[in-house]
Every structure is written in C-alpha cells, then in structure tokens.
There are 2 protein chains.
Amino acid sequence: MRIAVDAMGSDHGPAPIVAGAAAALDDLAGDVGIDLVGREAELSALLAPHRLRTGDRLRLRPASEVVEMSDPPLLALRRKRDSSIRRAADLLAAGEVDGVVSAGSTGAVVATMTVVVGLIAGVERAAIGAVLPARRGSILLIDAGANLDCRAEWLVQFAVMGRLYSEVVLGVVEPRVALLSVGEEGNKGNELTRAVFARLSAAGVGFTGNIEGKDMLSGRADVVVCDGFLGNVVLKLGESLPPHLFAVIAEEVGKSPIARVGMWLARPALRQVKHRLDWETYGGAPLLGVDGACIICHGRSGPRAIRAAVRMAADFVSGGVKERIAVSLKGVA
Amino acid sequence: MRIAVDAMGSDHGPAPIVAGAAAALDDLAGDVGIDLVGREAELSALLAPHRLRTGDRLRLRPASEVVEMSDPPLLALRRKRDSSIRRAADLLAAGEVDGVVSAGSTGAVVATMTVVVGLIAGVERAAIGAVLPARRGSILLIDAGANLDCRAEWLVQFAVMGRLYSEVVLGVVEPRVALLSVGEEGNKGNELTRAVFARLSAAGVGFTGNIEGKDMLSGRADVVVCDGFLGNVVLKLGESLPPHLFAVIAEEVGKSPIARVGMWLARPALRQVKHRLDWETYGGAPLLGVDGACIICHGRSGPRAIRAAVRMAADFVSGGVKERIAVSLKGVA
C-alpha cells in the first residue's frame with residue numbers, strides 16, 4: 001500500500017507536512033510507503049533533519065506548481081496541471097498509490113479528485129466527512145462542505161458512506177445515523193430534509209431520525225447527515241466557539257488576581273479541555289465517494305494532524321471502505 | 001401604551017411569567033400598562049404575593065385554553081380559539097394593546113400572529129430575530145426559525161427589518177448587515193445566498209457582504225441574515241455549546257484536587273463568563289413583520305427574561321419599529 005502526501009499548498013508551506021509524513025512512516029507497517037508530492041529540491045532539503053532517505057518506503061514525486069488557497073478550484077484544475085494536488089490525484093488514478101492526503105485548498109482537492117480520479121460506480125457526489133468531538137467519543141458530520149446545493153438522494157448516499165467510514169475507520173459498532181434538522185419529528189424541517197427523512201427511513205442504514213442543533217454534540221448519533229452548505233456553516237461555527245469561550249474566560253479571569261491564581265492551578269486540566277474540544281485534533285476529513293482514499297486536512301495543519309491523516313488514509317484502504325461503499329450503495333439504490 | 005403578556009403555555013406554567021410581568025411594571029413609564037392573558041383564577045392567585053392589584057396599569061384578560069408545546073401550530077390556531085396566545089393576538093388586532101409577549105410554542109405564536117394580526121403592508125413573511133452574545137455586544141440573527149424554506153426577496157426584507165430593530169431597540173449606530181454563508185466572496189454559497197447577495201448589494205441596507213460561521217460571533221456584523229432553517233440549527237447549536245464546554249471543564253477539573261481548588265477560586269469570574277455566554281439572557285426574540293410588536297421568549301424563561309422581553313416590546317412600540325419597517329420596505333421594493 002502507498003499513500004501520496006501533497007506536500008505543498010498548506011498555509012505554512014511544506015515543512016509541517018514533511019514532518020508529519022516522516023512521523024507517519026514510523027506508525028505504518030513496513031510494507032506501507034509514502035509518496036511526497038511537491039517541489040523536489042525543497043522537499044529534499046526538508047527531509048535531511050528527519051534523517052530520512054528516499055527509497056522504497058519514501059519516494060519524492062515532482063510537481064512544480066502550487067494551488068493557492070485563493071485559486072478558484074476549477075481554474076486550478078484546468079490551468080495548474082503540474083500542481084502537487086493534481087500530481088497526487090494522477091498517481092491515485094494510475095493506481096500507483098492507494099490514497100491521498102492533502103492540506104491544500106479544499107475546493108481544489110474536491111474538484112481535482114472528482115475529475116481526475118472519478119467517483120465510485122453508483123455515487124452521485126463526493127462528500128466531506130468531518131470528525132468532531134462529541135460529549136463522548138466523536139461524531140462524523142457529512143457533508144461538511146463539498147456540495148452546497150443538494151438533492152435528497154445525495155444525502156441518502158452520504159448517510160451510507162458516512163456510516164461505513166464511522167464503522168470501519170472510527171471503529172463505531174452499528175453507527176446511529178441522524179439527519180440534522182429543526183425538530184425531531186419527520187414532518188419538521190425544510191423541503192430537502194423532509195424528503196430525505198422519508199428516504200432514510202426506508203433505506204435501512206441505521207437511521208434514528210432527525211437531530212436538532214442542540215443535540216448534535218450530545219452523542220445521540222454517530223453520523224450526522226446534512227447538505228454541505230449547512231454542514232460547512234455548522235463546522236466553522238463550532239470550531240470558533242471553544243476559542244471564543246476561552247477568550248471570554250481569559251478576559252473575566254484577568255479582572256481578579258484571585259481568579260488568576262485559581263486558573264493557574266487549574267491549568268493542566270484546562271489544557272486537557274482545550275485538547276478534547278479542539279475540532280481540529282482529528283487529523284483530517286475523508287472525502288467520501290471518490291474512487292480511492294482521500295483525506296483533506298486543515299490548511300493550518302501541523303505535523304500531528306498530518307501524521308493522523310496518513311494513518312486515517314491507510315485505515316481507509318486496509319478496511320476496504322471504497323469497496324464496501326460500492327456494495328452498500330447497490331443495496332440502497 | 002399597553003403590552004399583552006401571554007401568561008400560559010410556557011414550560012413552567014404561569015408563575016414565572018406573572019413574576020416577570022410584575023417586575024416589568026416597575027420598569028415601565030406610568031402610562032404603560034400590562035394585560036395578563038390566561039386563566040383568571042390562577043393568575044389572580046399568583047398576583048397576591050407581588051402585592052399587585054388589577055386596575056388601569058394591570059388588567060387580567062380571560063383565556064380558558066392553553067396551547068401546549070406539542071400542539072401542531074395550525075391546529076392550535078384553528079381549534080383553540082380561547083387560548084391565551086389567541087386572545088393576546090385578538091387584543092393586538094383590535095388595537096386594545098400595542099404589543100404581545102409570549103413564552104408559548106414558537107410555531108403557534110408565529111402562525112397565530114401572522115393570521116390573526118396580519119403582516120405590515122409590503123412584508124411577505126414574518127421572521128424571528130434572535131439576539132445573541134458576540135465577542136463585544138450582541139448580534140441579531142434573522143430568521144431564527146419562522147421560515148424553513150425561503151425565497152431570496154424574503155431574506156432582503158429580513159435584512160431591512162433586522163437592521164431597523166438593531167438600530168432602534170438594540171441601540172446600534174448604523175448596523176452592519178451580513179449574510180451567513182460559506183465564503184466571503186459573493187459567488188460563494190448556495191443558490192439562495194448567491195441570489196440574496198446580489199439583491200442585498202443593490203438594496204442599500206448597510207450590507208457588508210458574506211460572513212462565515214467562524215466569524216459570526218466575532219462582532220464583525222450586527223445583523224446576520226439567513227433562512228430560518230439554517231438560523232434555527234445555528235441558534236440551537238450555539239445555545240448548546242457553552243453548557244457542553246462547561247460540562248467538559250467540570251469533568252477534567254474533577255480529576256485533580258488542585259484544579260478543583262483553582263476552579264473554586266475562579267468561581268466568581270466563571271459565573272460572569274456563563275452569564276456573558278448565555279444565549280438566553282437577552283429576554284426574547286422579536287417576531288418582525290407582523291403588524292404590531294411581538295416578542296417571543298424561550299419556553300423555559302424565568303422572570304428576568306420575561307421582564308426584559310416586556311421592556312423590548314415597549315421599546316419596539318415607542319421606537320416606531322413597525323412604522324419604520326413599512327417606510328423602509330417601500331424604499332427597497
């Protein structure tokens with residue numbers, strides 16, 4: 001098995017990506033290799049401090065261009081044919097690797113993977129699954145932003161794909177699938193969710209009904225399905241709230257010397273809280289539905305997130321998620 | 001001026017509502033009166049401990065029925081013709097009061113006010129404006145749940161109405177209006193928001209562009225416009241997050257005696273944090289667009305929230321929000 005890591009295009013350049021990939025090599029079985037894709041000279045220089053040499057387990061794959069966060073996705077796909085994400089997708093399409101990890105522009109990754117690699121037979125749209133910290137364990141929010149206007153049948157496919165990922169990669173036994181809406185009854189919601197509710201009820205995909213915003217993080221569902229517009233707003237709002245909360249705490253505690261001493265004593269516990277609430281600790285978000293493993297990371301990912309994402313991609317491949325999605329969709333369609 | 005307070009239909013019965021209305025009488029100018037609507041005997045008994053007598057400033061208005069939270073809104077409207085919310089709406093429609101405050105079922109309030117009181121000339125749909133705590137000050141989220149499927153022109157009206165409320169009742173000078181979407185550029189978003197972006201840009205309503213979920217609470221906008229489905233999910237998720245965060249803090253702090261001591265020292269500051277982050281402290285949410293002032297409160301509102309909501313309703317009336325909405329909409333249409 002081989003995983004291609006797009007080393008360019010993140011917010012902080014190739015250094016944290018290379019460091020993460022180097023760390024991931026230690027985690028993976030000896031027969032799993034990594035292909036680092038990007039500007040060769042830059043990458044070679046970055047490998048030296050990690051005492052890594054290229055060889056069977058670690059290959060450098062040249063790509064002269066970088067897709068910037070500001071590049072329109074379709075333009076990047078058409079014009080930057082030697083970009084690192086395009087080259088990584090080419091490797092996957094050619095069967096030279098089994099999965100791709102990228103911290104580049106999400107839009108460009110979705111467009112490039114969809115067009116260059118293609119979708120699993122029967123899949124109508126690829127969707128992003130974001131792994132979020134719940135009260136206990138984690139939940140998978142799908143779609144977190146790949147499809148801004150959705151049809152009801154797409155959301156049913158998102159449920160099938162999300163459920164398989166939750167089971168195989170996140171290790172959830174019989175994942176409970178819920179539909180994000182404004183009330184628990186099936187007749188509550190907008191036109192889209194009411195149509196999806198009816199379809200999901202009949203699909204036999206572990207559907208447990210609607211879930212409201214207030215219950216999303218309660219742990220009552222393992223997979224939360226919604227359209228990509230709603231998912232993206234929810235994801236970004238949720239990511240912003242813990243830092244918002246800690247900023248307000250710092251402001252109020254700063255007003256009292258005694259409270260400051262108290263917070264200093266509680267510091268180790270609060271660090272643990274920050275870690276548990278960090279919506280970014282989970283490595284990356286799978287792009288489900290493309291014909292291969294693909295994990296999309298935050299643009300500002302550090303080595304730890306990249307390392308986790310490579311592991312997620314390897315679990316995706318070894319768990320046969322792609323093959324199982326194809327089989328499951330036949331059962332639903 | 002008179003404000004009708006729907007005393008029934010909240011989660012905890014009439015007691016907190018009556019207590020809040022009693023406290024509100026102290027806040028209001030001497031020529032402002034309150035009409036308490038509900039079961040007379042129950043309300044009379046509850047007034048005694050507040051040493052209040054009925055008279056010009058405080059009237060009891062009989063209503064024998066109660067709309068339950070589980071009653072479907074349209075059915076409640078048709079069948080429970082002597083409910084407290086229906087009677088309050090009748091008073092407003094007849095011009096006997098200028099505004100209504102209710103902690104009853106939101107759906108029933110929206111349906112009853114729309115049908116019984118009617119909309120301001122030119123308004124296509126009434127919308128709920130929720131007042132949320134931002135990093136500095138507050139923001140108005142509109143629509144927070146009245147309209148689950150929206151047309152672009154409705155959202156433009158929500159912007160006009162929300163901006164006026166922000167200016168007149170919340171006291172914001174030249175409120176900045178933003179559209180909740182998934183990217184800052186106008187071409188980012190779903191079909192609906194892209195159409196709304198174009199209209200808002202041309203409408204001259206203080207529109208500052210799209211705002212993403214992560215920036216919603218930053219204070220970069222005073223009025224955040226979205227459809228009621230998205231608004232309701234966002235509102236409920238946001239309300240649930242501070243308690244979620246404090247529960248995680250309590251868990252982690254509980255593991256260490258030293259951290260427990262620290263948190264005990266910081267307790268007064270943390271109480272202040274909870275208060276600042278409480279999405280429910282703001283009394284109530286205006287239902288904008290109906291032909292009169294209407295403030296909807298949480299079903300579990302206490303006396304403090306009801307008291308604040310009555311003040312909001314009075315400010316709504318004295319500020320001429322209704323009349324100014326009618327004028328502003330003519331400018332936009």
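Where in chain A is the place of A:S240? A:S240 sits in helix α8 (residues 228–253) of chain A; helices (H or I, at least four residues) and strands (E, at least two) are DSSP runs, numbered from the N terminus. This is a predicted model, in which local features need pLDDT of at least 70 and side-chain atom pairs count only at pLDDT 80 or more, while totals for chains, interfaces and linings use all residues. Residues are numbered from 1 along each chain as its sequence is written, chains are lettered from A and ligands numbered from 1 in the order in which they are written, and side-chain values use heavy atoms, with hydrogens and water left out.

**View 1. Surroundings of A:S240.** A:S240 counts as buried because its relative accessibility is 14% (buried means under 20% relative accessible area, exposed over 50%, partly exposed in between; 1.4 Å probe, protein chains only). A polar atom of the A:S240 side chain lies 2.8 Å from the backbone oxygen of A:L237. Not counting residues up to four places away in sequence, A:S240 touches B:G213 and B:K214 (contact means heavy atoms within 4.5 Å).

**View 2. The loop that holds A:G289.** A:G289 lies between β10 (285–288) and β11 (293–296) of chain A. With a relative accessible area of 1%, A:G289 is buried. Residues touched by A:G289, beyond those up to four places away in sequence, include A:L119, A:I120 and A:M161. A:A93 is 196 residues from A:G289 in sequence and 14 Å from it in space, C-alpha to C-alpha.

**View 3. The open sheet of chain B.** Eleven strands follow the order β3-β2-β1-β4-β11-β10-β5-β6-β9-β7-β8, with mixed pairing (two strands pair if DSSP finds at least two bridges between them). At the edges are β3 (58–62) and β8 (207–211) of chain B, each pairing on one side only. Strands β1 (residues 2–6) and β4 (residues 99–102) of chain B run parallel and are joined by four bridges. B:V5 has B:V101 in β4(B) as its bridge partner.

**View 4. A:M113 in the largest nonpolar core.** This core has 94 residues, of which A:M113, A:M216, B:M113 and B:M216 touch the most other members (a nonpolar core is a set of buried Ala, Val, Leu, Ile, Met, Phe, Trp, Tyr and Cys residues joined through side-chain atoms within 4.5 Å). Leaving aside neighbours within four places in sequence, the contacts of A:M113 include A:L92, A:V100, A:L287 and A:C294. A second, separate core of 64 residues includes B:L28, B:V131, B:V196 and B:L288.

How values were computed: A polar contact is a pair of N or O atoms within 3.5 Å; within protein, one must be able to donate a hydrogen and the other to accept it, and residues adjacent in sequence count only if both atoms are side-chain atoms.
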